[in-house]
Amino acid sequence: MAEKVYGMTTGRRVGNGVLTVVMNTIMIIFSLSCIFPLVWMFYSSLKVKREFNADIIGLPPNPTFENYAKILTNKDYHIADSLINSVRTTALSVALILLFGFVVGYILARVKFRGNRVIWIMLLMGMLIPVHSLLVPIYIVFNRTGMNNQWYTLLFPYIAFGMPIAVFLIHGYLKAVPVALEEAASIDGSSFSGTLFKIIMPICKPVMVTIAIIQTFACWNEFSFALVLLRDVGLHTVPLAMTQFTGQFSSDYPKIMSAMLITMAPIVVLYFGFSKNIIKGMVAGVVKG
Amino acid sequence: MKRSKIILSLILSIVMAISLLAGCGGNETTTTTAAPADTTTTTAAPDDTDETTTGDEGGDGYAGDLTLMHFSTSEESEGNGGSDGFRTVIAQWEEANPDITLKQTVLANDEYKTQVATLASAGDLPDVFLLQGMNTKSWAEQGLIMDMTDVIKDSPHYADYNQAYFTPFTDGDKLYGLPVLTGGTCTVIVYDKAAWAEAGFEEFPKTWDEVKEANEYFTANGYKESIAFGNSGKWQMNSCFLSTLGDRFTGPEWFQSIIDKGGAAFTDEPFVEALDYTGMLFQSGVFNDDFNAINNEDAREYYISGETPAFIGGNWDVSYIGATLLETDPELYENTGFAVLPQPEGATGSENSQNIGLGYAVAINSKLAEDEAKLAAAIDLAYYVTGPEFASYVAENYALGGLTQVSNVDLSAFDQFTQDFYNYSYVDTNACEIYDSYVSPAVWDVLNTELQNLTNGDTDGATVAQLTQEAYEANY
Amino acid sequence: MLTRRPPLRILIGYLLIPLALYVFAVFIPLITAAFYSMFEWKGGPNKTFTGIANYIALIQDKIFWLSFSHNLYLILLCVIGQVGVAFVFVMMINTRFVKLKSIHRTFGFFPSTIAAVYVGFIWLMIYDSRRGILNWFLELIGREDLTQVWLNNTDLVMTLVSIPLIWQYIGYYMLILLSATSSIDKEIFESAELDGANAFQRSIHIVLPMIKNTVIVCLVLCVSGNMKAFDNIYVMTAGGPGNNSMVLAMYGYKVSFAQQNMGYGSAISVGIFVLGLLVIGGMQLVSNKLSKD
């Protein structure tokens, strides 16, 4: 890597100070705006429907945990079942997206073979598929093969639609990693698979963490596939269960938000709690080229 | 640690591959291991100690699953009498038929429509479901839904049925469903009697000119406008305004001819006049300026908060307004009145019309014809949920009516607000049709989109009529 | 690329399951849709073969092309607003002048995890003409003349519905770009002798080439994502007023479901797919040209 040498500039203390203030202000405003929805959802969940409809953004005049109590006691809402379904679907999908994305991404980045480009373009095409208008063909394909309405049904679309992003990110990341590492391992007698999992996988940790975060939330929140491919209430995932709070002409948003917060709590806590470790993990993965 | 993770992942991928292969080999009828949490999974044990007390037309000859899809979520049933009644009678029927496992899929209305459309496309509808009026003809032609003409004639409650409610579910002389839930108006003016009295109107004006006159008073006295309306969802202008206003210009024969493809066209002069009149009204300042940017739920808050002295919406808005005002503003609750749309100048139709009906009917999958016992159970369910048990429940608890008429509804137990609305809906006014219970969804989607342009002043009635007519010719 | 290729059976072994699954869940439905697009199909068992009639209608469909132009506009705004801003933010976070780095890293991603309904709600309350924050602010600074019913403004509505989308996904691209920069030596960003402006310039000159591949991935994600944009706009305006904020995916959904025209809806999906390929292909041509120059 070519290192350009920049001359020291002096007498810019004032400019420096202004720039620091500006940069920090921008970032703080941005971060605050990003966390606002969570804050808003929390205090809105302490309102009753009437109060929310009358004033969507205001603070609750009479904060109450009534919504939480209702959700946790009403069996019709099947929150617990849907949580289990969502956890299972998300965990399996993300694990397999990571595994498949890593393997395919690595092969596409490092192995020259006929079909490399074809697979690349095929994966790219997958990212251009407008899911919302393809729901009927998707349903028909799954129905004909008897794979709709099963506990594993959603794994197929989630993995398939999550894979291209994972492949591309791994591919892009590996392009910046020198190939010498693997060549050396190969000379030392390490097999292809050995190199793949023992040497490359640890290097890819930062980008794998990123993929895991992105896909966890994507699978957790996915709605359209779940809607058309599942029929049994017992198989519903969290976003489908949330529709129980919506009526034809009115929706109880504070209640939905309470339910969302309850159901999102595990992953949000996980995300915030581990974000420090995650970032440490990212830094630990540094390879110096 | 890491290796075990990898091994786990590999095992999973093998499991996946196997399940993929197994899935390909399987046939279409698949059973799930997970028990639905929402449905009562009554064991189909052969004990007939508990003889059915209701609807024993044949429902007890069948043991097994019956699938039912509807959109009466538990949220919907809170405050919506029809949904509450529907859920109640379903539960009663389940209890009376312990041999039948009723597998219900309950989704919110929007999601319900998407899923039912998907299932219809794949020819994979549930045994019993709720059919929307505007799909009747197309689905009947495709053979998706069972011809229920004789079923309805043979119903034990046939004599009590309100025949008018069947029209959206009719194709030629055949009937395809038993109208379900409660009949409610889609267009009602909810107004603050005290405020309008101050403006010089003891009751709501009978002409739009008088409304404009009142509007001058209101805008000069702290109100921003006279009537609140919300149309950001696009369907509101059609269902809760044009459907009734159009009737005033065209009369019912024109729309019947549109339904029957009897020669009437959307480009006919009276309908174009109705469109232009609608455009003019929404440009006149009588309504809130953000009517195309907010929905009906926001607009009714303008009325509830006292910002606007009137609101136009449907029965669902009235029940929300009533329940809210009762708690927050009893005085406005007392003063709230109901009125039909004022008569436009030049309109020759009924002055007292409002559109009312039942938008959905219980329909039965045509595939059930192959299984007589199951069909008998489905028919029994359909009779029961639209029959007298349902009707009395909603009449006694909510002062609402359904398909089956109940004689001697005692209104005296209800307060003035509820009585007034009952009389508005069922007694004092003439019923006209709800446009989007008929014809084809493709036509209404085009019209609804163009209505936003029209009421924004970006197009004219003739153009809107032309585009709607094109969609009508192409899709119906 | 590796100089020594692994044996073919190992390659096939690794690629078979992921690709089989991918083809099953992604390509077979697409091919099915292409097949159905040749039919007049109102949703039900009956279909009438009409050949390319749906595609002829598609080429003449003004709403389809209007929606496409909206998508292009959206892509333009989002490439600048999402990827561009995310890149700048990442560069800023990486300099030693910005404090609270871990907070910015963690919080930024959060909006992209929230369902579009709620993001839509918050922004509806910003744009709302009576209770909204934007009009309140304009009144506060004495510019009442500028207040209006924002989402009913046919000229502005596309821009207004893009802003929430941009804001929501900045953090998403930040996360990706941060992971890419994590493989870069920290000293490049933090050389103590540099002042802010130079440190910033320097990171762009040195860092950008190093993470070029990831930036391209971000651009592809951004373009393909915005070709399919749906939820946020659906929640805020449902494509209105009229069709002034209609986008391709929403139009396809509307035709398939609200109008129950499954055949034509399938043709629209195929059209979106083909246009997407063209846009991405065009983008790659441009970027190849640029990187050669």
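Modeller: Accessible areas here come from the Shrake-Rupley method with a 1.4 Å probe, and for residues only the protein chains shown count as cover. The model is predicted. With that understood, the accessible surface of chain A comes to about 10,900 Å², and carbon and sulfur atoms hold 68% of that area. Chain A has 289 residues, and 65% of them are buried. Its secondary structure consists of 13 helices and zero strands, so that the pattern read along the sequence is α-α-α-α-α-α-α-α-α-α-α-α-α. Of the contacts in chain A with a separation of 6 or more, 73% are between residues 24 or more positions apart.

Chain C contains 13 helices and two strands, and 58% of its 293 residues count as buried. The C-alpha atoms of chain C fill a box of roughly 75 × 70 × 35 Å along the principal axes. Chain C carries 20 positive and 14 negative charges, whose mean positions are 12 Å apart.

In chain B, one local feature concerns charge. B:D147, B:D150, B:D154 and B:D173 form a patch of negative charge on the surface. One of these residues, B:D150, belongs to helix α6, residues 149-153 of chain B. B:D150 has a relative accessible area of 57% and is therefore exposed.

Note on methods:
Residues numbered from 1 in each chain as written. Chains lettered and ligands numbered in written order. Predicted model: local features only at pLDDT ≥ 70, side-chain atom pairs only at ≥ 80, totals over all residues. Heavy atoms only, no water. Patch = residues over 30% accessible without salt bridge, like charges linked within 9 Å, V, L, I, M, F, W, Y side chains within 5 Å. Salt bridge = Lys/Arg side-chain N within 4 Å of Asp/Glu carboxyl O. Lys, Arg positive; Asp, Glu negative; His and termini not counted. Charge placed at Lys NZ, Arg CZ, Asp CG, Glu CD. Helix = DSSP H or I, 4+ residues; strand = E, 2+ residues; numbered from the N terminus. Buried < 20%, exposed > 50% of the residue type's maximum accessible area, 1.4 Å probe, protein only. Contact = heavy atoms within 4.5 Å.
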